[in-house]
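Here's a quick walk through the charged pairs and the domain contact in this one. Have the coordinates open and follow along.

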Amino acid sequence: MLNYKTSIKGDVTYSDLVIKEIKPIMKLIIRGKTKDFITTIGKNFNMVLPTEANTSTSAEKLTAFWLSPDEWMLISNETVSEDNNTYQVEDELIKNISKAKLGAVTDVSDQFVMLNIKGSKVFDLFATGSPFNFNEFKNKKGSVVQTILSHIDVIIHLTEKNEVNLLVRRSFSKHLHSWMSDSASRL
């Protein structure tokens, strides 16, 4: 995160819809299959990884998104220091997971941009550019979905009613933000 440069130019506010970037947030991908892998995560971070598709779990400092049967994304619940890109969580995972040959840890903090979108028109906005049916999703706090929004791969996490965190690859973030701003202005 050193020399962090955002591709997003400011927050967007329309009636009943606010879009803003949350930065800097630590984002890690962890992969593993064994019971020892799951147990090690639980013991070190006081967290049970979600094992059901399209779900998440949260602990005091971290939230875990289920991405596949052997893959999760861990994000920090609070912003982290912009002064360095070393994370205690990552160091502990490397020591207890990677070096113990239980799984893999990859820092994707700079690869993804996280946008917080809230308001009563969040799902109206998504309906204009995504094939995913959000009817059940929007009623289950903690739901996670990997889908397409305006032809761009995204991960969407429902944090509260009418509030989501959306993760998009940095290289597509400016285009997606522009599309959302334009679409939101028409709702």
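## Salt bridges

The structure holds four salt bridges. Keep in mind that this is a predicted model.

Start with arginine 31 and aspartate 70, whose closest N and O atoms sit 2.9 Å apart. This pair reaches between distant parts of the chain, 39 residues apart: arginine 31 belongs to strand β3 (residues 27-32), while aspartate 70 is in the loop between β5 (62-68) and β6 (71-76). Arginine 31 is partly exposed at 36% relative accessible area, whereas aspartate 70 counts as buried at 15%.

## Two more pairs

Next up is lysine 141 with glutamate 160, where the closest N and O atoms are 3.2 Å apart. Lysine 141 comes from the loop between α3 (122-127) and β9, and glutamate 160 from strand β10, so this bridge ties together parts that are 19 residues apart in sequence. With 61% relative accessibility, lysine 141 is exposed; glutamate 160, at 39%, is partly exposed.

Then there's arginine 186, bridged to aspartate 182 with the closest N and O atoms 2.9 Å apart. Arginine 186 is exposed, with a relative accessible area of 63%, and aspartate 182 is partly exposed at 36%. As for shared partners, salt bridges join Arg31, Asp70 and Glu71 into one network.

## How the chain divides

Zooming out, the chain splits into domain 1 (8-23 + 111-186) and domain 2 (25-108). Their centres, taken over C-alpha atoms, are 23 Å apart.

## What holds the interface

How many salt bridges are there between domain 1 and domain 2? The count is zero. Polar contacts do turn up, though: seven residue pairs across the interface of domain 1 and domain 2 qualify, both residues being at pLDDT 80 or more.

Methods: Residues are numbered from 1 along each chain as its sequence is written. This is a predicted model: local features need pLDDT of at least 70, side-chain atom pairs count only at pLDDT 80 or more; totals for chains, interfaces and linings use all residues. Side-chain values use heavy atoms; hydrogens and water are left out. Domain bounds come from an automatic or database domain assignment. A salt bridge is a side-chain nitrogen of Lys or Arg within 4 Å of a carboxyl oxygen of Asp or Glu. A polar contact is a pair of N or O atoms within 3.5 Å; within protein, one must be able to donate a hydrogen and the other to accept it, and residues adjacent in sequence count only if both atoms are side-chain atoms. Helices (H or I, at least four residues) and strands (E, at least two) are DSSP runs, numbered from the N terminus. Buried means under 20% relative accessible area, exposed over 50%, partly exposed in between (1.4 Å probe, protein chains only).
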